[in-house]
Amino acid sequence: MILIIILLLPIITGLLLLPLKNPATVRIIALTAAVANLLITLGLIISVPSATYSVNWTHFMGTQFTLGYDGISLIMILLTNLLFPFIILSGFTRSHIKIPVLNFLILFTQSSLLGVFLAQNAFLFYIFWELTLIPVYFILLLWGGENRRAITLKFFIYTLTGSLFLLFGIIYLFTLTPGLHTTDFSAFNQLHIPAHTQNWLFWILFIAFAIKMPVFPFHTWQPSTYTMASKQGVMILAGVMTKMGIYGALRFLFPIVPEGVLYWQNIVIALCLTGVIYASVIAFRQSNIKRLIAFSSMAHISLMAAAMFALNVYSLQGLLFQVISHGVTIVALFYLVHLIQERTGTLELPQMGGLKHVAPGMAILLLMAVLGSIALPMTSGFVGEFLIITGLAKQSLWVALIGGTTMILGAIYMLYAYQRIMLGDSNPAFSKVQDIRVLDYFILIPLIAVIFVLGIYPQPVLDLAEASVNSMQKLLGPAGEVISQLTH
Amino acid sequence: MSALILLTVFGIIILYLGFVNNKTILAPVAITGLVATLILSVKDWNLGSKYFHDMMIIDNFSISFNVSMLIITILIFLFGINYYDRMEHHVAEQYALMIFALTGAFLMTSFSNLIMLFLGIEILSIPLYILAGGKKSSFRSNEASFKYFLLGSFATTFFLFGIALVYGASATFYLPEIKNYIAQFHGHLPPMLMVGLLFILIGVAFKVAVAPFHFWSPDVYEGAPTLVTAFMATVVKTAGFAAFYRLLGMGLLPLPGPLEKTLWVMTGLSLLVGNLAALRQTNFKRLLAYSAIVHTGFMMLAMLSQHDSSAAVLLYYTFVYSLATVPLFIIFIHMKRASLGLEELSIFRGLYRQKPWMAVFMTILLMSLAGLPPTAGFLAKYRVFILSISQGYLAISIFAVIMAVIGIYYYFYVLREAFSESNSPTPLVINKLNAALIIVCGTAVLLLGIFVWSVPI
Amino acid sequence: MKEISSAIQLIPLENYIGLSVALFSIGMMGVLFRRNTIAILMCLELMFNSVNLLLTAFSAYHSDPSGQVFVFFIMIVAAAEVAVGLAIVVMMKRNVDSVDINLLNRLKW
Amino acid sequence: MVASIPYITLAWLVPAFPLLGFLITGLAKNRLKNNQAGILASTLVSLSFLISVLLFFTMKSSGQESATLTLFNWISAGDMKIPFAFMIDHLSIIMMLIVTGVGSLIHIYSIGYMHDDERVNTFFAQMNLFTFSMLLLVMGANYLILFIGWEGVGFCSYLLIGFWFKNPDYNYAARKAFVMNRIGDLGFILGIILLFFTFKSVSFTEVFSQAATLQTGAPMITLITLLLLVGAVGKSAQIPLYTWLPDAMAGPTPVSALIHAATMVTAGIYMIARSSILYNLAPITLNIIIVIGLATAILAAIVGLRQNDIKKVLAYSTVSQLGYMFLALGLGAYSAAVFHLTTHAFFKALLFLGAGSIIHAMGGEQDIRKMGGLKKKMPVTFLTFLTATLAISGIPPFSGFFSKDQILTDAFENNPVLYVLALGGALITCFYMFRLLYLVFYGNQRLSTSHPHESPRVMTIPLIILSVLSVFGGFLNIPSLFGGDSGFSEFLHKTIISKITAELDNTTEIGLIIASLILLGLVILLAYRTYVKKAVVPAKDGEKISVFGRIIANKFYLDEIYSAVFEKPFGFLSDFFYNQIETKILDPIIDEIGILTSRLGDLVRKLQQGIMSFYFFAMVAGILLFIIFILIV
């Protein structure tokens, strides 16, 4: 029951918002709903170890409507519900354009994301998976930056292409299930698919997630979309939606096509590492801050993807920890970038400089977020990436070495960007710029607090991840044994 | 049977009502007639009654298809109330002809004899030739009817020739007997029979506008009056597929290898040609025409992956497709009026700004056509894919998946227009009834997507 | 009836088939190559009738009346079609003052 | 919590105080008045110093070697359990004393030095943060805690080098320092990971206890030690990663004293000495360390000869002294290295603070060619500076003599060639240090404008204390030769397993010492004749100098080479990836697919000619094709 509440609370609130007129009330209601959802989630995490909610409601699009969660979903849900209050809060600005609709769409996105993470049934999963695209499509289309119509359509088609292959894969698995067919994950995980089938089925399933994450070379939609997207749009995209790809991969690939995973493991890891280097190197010379951070995010995500395919306890633990860490960090970063844009009116690094003189608070917060993203010890980023690199080293020292270069390259471009924006002699153009306001504190302080608290005391989240990794290994079947072989 | 008679009677009544030129009573009468027919046909459920020496068998299959067509026709008539109120003369004929066409459609769903099939097709087609030319003064309408007529009768001749050849070989018009006759060859048919069957299939394929026999449809759809187009795109296609399925199911299954291959080729071609041609289409009616061809391809997919549930899936698909298409045409009519007769996609600009709710429902409808969850269109496609994949047609399914992506592209292109600002916004007026109907259809599409009263296969 | 059918059966079936196929093809060629709508209508009639001929021949050979019954149906339908068709042609003539089939080509692409 | 040493439970206070200071000064930096921040920071650091002293004596008295204080469980994943724990043993207690002791002196000094800076509060906050991280580094009970401090100090040095952030060059220097450290850190972290895989733990006690079982020269151990070495090389500014240290002089002088002389740069030495057990198992690594250390020592010394910026000279001397420590490490004389580290902390901090007081007096002037004749003007500074110079040059009985002599003798035992090279380096050091001394304090003042004056007491007192230390610091470890008990090494030898076996017989040792002393005397004389008698002033930047001289003056063009080999190609690669691969290949491919399909779409549309005859033909053609198809198939 509690799950259905978590799932539906946002969307229902969103629907109630639509007829309202006054932006202020709309925002307040939306925010309260999101916060309430977060509290429920926390309560859930504390109280119930693992619940599964299943309405035997076969009339729902002809399948079993089954919600439930294990550790992996729990982490994703936690991330989603943790970030959305801030995403909504970040809309508390002066602009009054279609506030009800915007908040409705945001809450709609939240619900569908939660659906993705809660679904215990591939068909349901797919429904929500597609559903997330719809509100995001409109958020991008209606609130995006210049050239949004073309970019949005490209993003939409690109991601949908992957999704449809996923649909094909799901149906194919469905037809493989014995007797009266079903799309429950539990049934899929019991399938023993011949290796040669797994080898092609792997890509059918993986392509969707690879595009979503994105993994090199399926990333080309990402930089332009991020750069174009509105503040809340990019927060949703970078903060949560990229994690959908990771979640999906964990849900589908390892339990269902383990041999396929092992068969392609090295190639995929190679792709991911290419992505790491490629994105980091590109980020170094970007003049547009948003695109720079988009590429840095891609680098981190690629590292996480590599960790996923390293298939051992450390990398998976690190991955799941990093899911939260990266989500929080990237959202803080993008919020700051938009703050800078709103205050200074530009995103171009060459026009920046000396902002620290007029906005010291902004400078310090940005520096902290940057530290989180370059994985300085005592920030959550370090714990995640340390575990990830450990896992990669388990795979091979070279892999770890290449993956570890993010430590160096990240430091290079992030610190460069920071210095370019904030430091240097005071800039006459920015003399009027105000430092951050109360609202910004409300958003940034908690996010950055999370970064550092998790860096100093990561254990709670790690325990969550621990449980999920074990549960995953349990449900992994053959690959689970593989993992245990690799780790012990 | 009684339903059929009642329908015909009502058609004639309306024809006579044309003399008292009072348009307001036409639609109500027609709709009551349709509703009455609906009730009567439902009463025949599970009776499986046979007529005319079993030339016509009204079983659940035909009833369900009839009902779906009746519902769609009722919808169209309801929309017609507003559509025809600026037309002074010959409104009665419009309704009457549609009803007559519907009777033909009824025959097509319930035939068990090639003669009946032929009659059904013709009774369906001839009124459409006239309806397509409904706007007598308009060149386009004129051209539409002209092309439809010539190509249609040309196709009919082939169809007849095919029937003749089959008759020559099998000495019967009854599908079951033909089936038995074919069965004795174990797939290696004599050329004459083979060609005959091919011609019959082509005749039907032409009616449902399967590539490469689709050339008439974009032109006719564009030229014909929009409401007629809606009728053709939905009811006629449904009827055509009912006939097609019945033909295959009663007569020809299991299809001889070559014929089956032919049909697969047609399927693939329809998916490809329809999508590619729709990709850069700027005229909305043509766009829907081409997308209709694509949907034909999907319906073929459902029909050809021979499974017990094919009929159910086919019914579901056609109905959902019609339910989404008709209101889109209606929205289009309003936009066209607002933009003083233009038919480009750009006329949808500013819809969101002026009538956000309309835009939302248009989104739902287009999503359904594009096959995105949680709409019924998605479920329809999903079930089609389940059929084809479970029958092991993997290659064509993958192909269809890719084609679905292309489809999404142009549907969302339209949507993008609807949600972008218009440079010259003209006041858009949508009358209450139509708005209500559009909303009903949109909701229905959603609900059919979510609450479907059977498992997907 | 009997002697008619027997009379028909004097000529081997192949000839009937050949004749009607020939007629059908001639009609088809006409449809393909003529540009005058009236002529095309006539060609269509020709094709219909070739089918009728074929059907009669078959029904005679199978000594099964249903084929001939069908012929009557075809005649009626054909008549109806021609009626409609001519009406359309008249309308066309009124609009574009010609009966050339390729004159009406506004609807394309 | 194992509390084997009395008061061990107080250990967490040692880092806690600076952290507290950081938080207070950092958060309240806009409220604190002129000196409050400085005083607060200094007192807090001094408090941790007192606690360290307390711990030291309790430790000595209780005779315990080490004690661990576990605070909480930091990271645990799978079989990886990493507690957040402090370990205090003889090595770390010494480091703690140095860090907090020298640190508190420098803090006090800074109160005077940074008095006029408007961001003085930020400065102290960052200094405190640094002290905290440094203490984490030396107190960590496992390699990962050490790594936290390791990166923390790197980050603080980044902040403090770029303290005057208006100047882009300073920012660049800061970034350079951080990135170069990061390069080392990557090696370090990989080393730690391998350690974990080998020993299933990263805590010192367990690793070392298990390491005893391994046999010497095992490839894994060699690999691990090498990776750790990479970290040390980055942190302790050894070849090839030393170029950041001279640039790091962009920071305020106290920063240079604390971070880039006394504490942070010695972290590498500390870490290797800490891992002595591992390194003893990896002779190859040790030899590599010898080579690196010696090369650095000599090269840096040579470069130091031609530097004219007072802080640059000291920076290079730091690099070369660190080279000596590495040499000692390589020789396996870990305690000698740590001892030199200690004395070096005293006199190098003193030198920097003296330089700071000079710069303070000269109104920010750092070019020694513009100084001179300051002996009269600032006597305290002069005397302290002199003691430091004597100490670093290794003149007995100053502290530097004992520490350096120990390294030299160890080198001789290992291989006379090493000894000769090391001695040469020492002579060069001696030369440029006296060059500096003479140029700054002797002769006549070359810059007329400024009126140098002695620094305030808050600055001079730390100088005096430090000079006392650098004079007598050597007596901590008087070798048996001079009837000493070399207590320092004795104190350490439980924690650090030195590899030195053969003791040199006294006659050779005395011979060596005398020889070196004579040479040193000559060098000092040479320097005196050149810079005092002849009063030679180094060439202005414009003037022509010998090719060799130019090469040295330009630090062997290493910066230029690095930027040509690494930075420029990197930028080029970045542009190439983005402008060519991303925007010309990968992205267009996707677009091209779309464009291609729509082209096809146009083609298909064009089929729809709208002409009836064509439709007829198409239909017939289709039918015929299908007929042929079915008749063939």
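**Close-up views of a predicted complex**

**Figure 1. The two domains of chain D in the predicted model.** The C-alpha centres of domain 1 and domain 2 of chain D are 70 Å apart. Domain 1 of chain D covers residues 282–539, and domain 2 of chain D covers 558–632. The model is predicted, and its confidence along chain D averages a pLDDT of 88, with 97% of the residues scoring at least 70. For the complex, the predictor gives an ipTM of 0.88 and a pTM of 0.91.

**Figure 2. The contact between chain D and chain A.** Here 39 residues of chain D meet 40 residues of chain A. On the chain D side, the elements that give two or more residues are β1 (66–77), α5 (143–161), α6 (168–199) and α24 (558–607). Helix α6(D) gives the most to this side, with 14 residues. By class, the side of chain D that touches chain A holds 23 nonpolar, eight polar and eight charged residues.

**Figure 3. The contact between chain B and chain D.** In this view, 27 residues of chain B are in contact with 22 residues of chain D. Two or more residues on the chain B side come from each of α6 (139–170), α8 (191–207), α9 (216–223) and α11 (257–279) of chain B. Of these elements, α11(B) gives the most, with nine residues. The side of chain B that touches chain D is made up of 21 nonpolar, two polar and four charged residues.

**Figure 4. Chain A as a whole.** Chain A has 20 helices and two strands. Its C-alpha atoms fill a box of roughly 75 × 55 × 45 Å along the principal axes. Buried residues account for 66% of the 488 residues in chain A. Of the contacts in chain A with a separation of 6 or more, 82% join residues 24 or more positions apart.

**Figure 5. The boundary between the two domains of chain A.** Chain A is divided into domain 1 (1–247) and domain 2 (257–488). The centres of these two domains, taken over C-alpha atoms, are separated by 21 Å. Across the boundary, 39 residues of domain 1 are in contact with 45 residues of domain 2. The domain 1 side draws two or more residues from each of α3 (71–89), α8 (195–212), α9 (221–228) and α10 (231–256) of chain A. Helix α3(A) supplies the largest share of that side, ten residues. By class, the domain 1 side has 26 nonpolar, ten polar and three charged residues.

**Figure 6. The largest nonpolar core and the surroundings of D:Ala349.** The largest nonpolar core has 676 residues, of which A:Ile75, B:Tyr317, B:Val320, D:Leu327, D:Ala337 and D:Ala349 touch the most other members. Helix α13 (residues 313–344) of chain A gives the most to this core, with 19 residues. Leaving aside neighbours within four places in sequence, D:Ala349 is in contact with D:Val102, D:Ile106, D:Ala257, D:Ala261, D:Ala262 and D:Leu466.

Definitions and conventions
Residues are numbered from 1 along each chain as its sequence is written. Chains are lettered from A and ligands numbered from 1 in the order in which they are written. This is a predicted model: local features need pLDDT of at least 70, side-chain atom pairs count only at pLDDT 80 or more; totals for chains, interfaces and linings use all residues. Two residues are in contact if their C-beta atoms, placed from the backbone, lie within 7 Å. Helices (H or I, at least four residues) and strands (E, at least two) are DSSP runs, numbered from the N terminus. Ala, Val, Leu, Ile, Met, Phe, Trp, Tyr, Cys and Pro count as nonpolar, Asp, Glu, Lys and Arg as charged, and the others, Gly among them, as polar. Domain bounds come from an automatic or database domain assignment. A residue is buried if 20 or more other C-beta atoms lie within 10 Å of its own, exposed if 12 or fewer, and partly exposed in between; C-beta atoms are placed from the backbone. pLDDT is the predictor's confidence in each residue, from 0 to 100. A nonpolar core is a set of buried Ala, Val, Leu, Ile, Met, Phe, Trp, Tyr and Cys residues joined through C-beta atoms within 7 Å.
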